Structure formats: structure tokens, C-alpha cells
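Q: I am new to this structure. Please take a close look at one part of it with me.

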Amino acid sequence: MPIGVIVNASSVLLGGFFGNRLSEDFKEKLNMIFSACSMGMGIFSIAPMKYMPAVIFEVILGIIVGLAIHLGKIFNHGVLLMQRPITRMIPTENLSISRDEFMSLMVTATVLF
């Protein structure tokens, strides 16, 4: 049973519905806890990894190709094109986020999912 997928999806839904009711201090502490857990899992998974040089090489190649074709600019342009349809589907009268904040949130959401 895909327990990880179920827990992740339910966490995202609960955070979406109740996230604005949580205090900023709680959100900050939660982010620190998740960061520490991610670092611990990353450190633990390095030891049994057989092909670490290949992974590092692929990451370096990905960075070189992304910089060569200006992938960041293309991605940001795509985010700006998605902003208008998204704001039509989700009313944003009560939200006062700037264009840069919207772009940052969309990039984060895309990278995460």
C-alpha cells in the first residue's frame, strides 16, 4: 500500500485548508524539523550508494545544459503565462501577492510535485 503517497497527499490538503490558521512560529519550526529530517535521510543514503560519481556527473551536466539553454528564463516565462488562467480559476481578490511572490510559489510547487 502506498502509505507515503497517501500521507503526502493528505498533508498537502490539510496544509492547504488549515495552513493559514497555524502560527508563523509553528510553521518556522516545522520547516526546520523537515529540513533536519531531509538532511539526515540524505546523509544516511549516501553510504550505500554505489554510483555516486555518476549521479554527481549527471547533476553537473544538467546544470551546464540548463544554463546553456537559459532554462530558468524559459521556466519563468512559462510561469507568467500560467498566472492569468490560474487567477481566473482561483479568485485572488483577497490575496495581495506580488508578481515575484507568485512566480516563486509556482516554481516551488512545480519543483515539489
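In helix α2, how many residues apart are K27 and E24, and what separation along the helix does that give?

A: K27 and E24 are 3 residues apart in helix α2, so about one helical turn separates them. Bear in mind that this is a predicted model. The two residues form a salt bridge. Their closest N and O atoms are 3.7 Å apart. E24 counts as exposed, because its relative accessibility is 57%. K27 has a relative accessible area of 27%, so K27 is partly exposed.

Helix α2 holds another such pair. K29 forms a salt bridge with D25. Here the closest N and O atoms are 3.6 Å apart. K29 and D25 are 4 residues apart in helix α2, and again about one helical turn lies between them. Both ends are partly exposed: K29 has a relative accessible area of 40%, and D25 has 47%. A search of the whole structure finds 2 salt bridges.

The most comes from α1, with 6 residues. In total, 16 residues line the pocket. S11, V12, G15, G16 and G19 lie nearest its centre. The space inside is about 970 Å³.

How far can the model be trusted? The mean pLDDT of the chain is 83, and 94% of its residues reach 70 or more. Confidence is lowest in helix α5, at a mean of 78. Helix α3 has the highest, at 90. Where pLDDT is low, the predicted coordinates should not be read in detail.

Methods. Residues numbered from 1 in each chain as written. Predicted model: local features only at pLDDT ≥ 70, side-chain atom pairs only at ≥ 80, totals over all residues. Heavy atoms only, no water. pLDDT = per-residue confidence, 0-100. Helix = DSSP H or I, 4+ residues; strand = E, 2+ residues; numbered from the N terminus. 1 Å grid on protein atoms, 1.4 Å probe; cavity = no way out; pocket = protein on both sides within 12 Å on 5 of 7 lines; lining within 4 Å. Points joined across faces, edges and corners; volume = space filled by probe spheres on them. Salt bridge = Lys/Arg side-chain N within 4 Å of Asp/Glu carboxyl O. Buried < 20%, exposed > 50% of the residue type's maximum accessible area, 1.4 Å probe, protein only.
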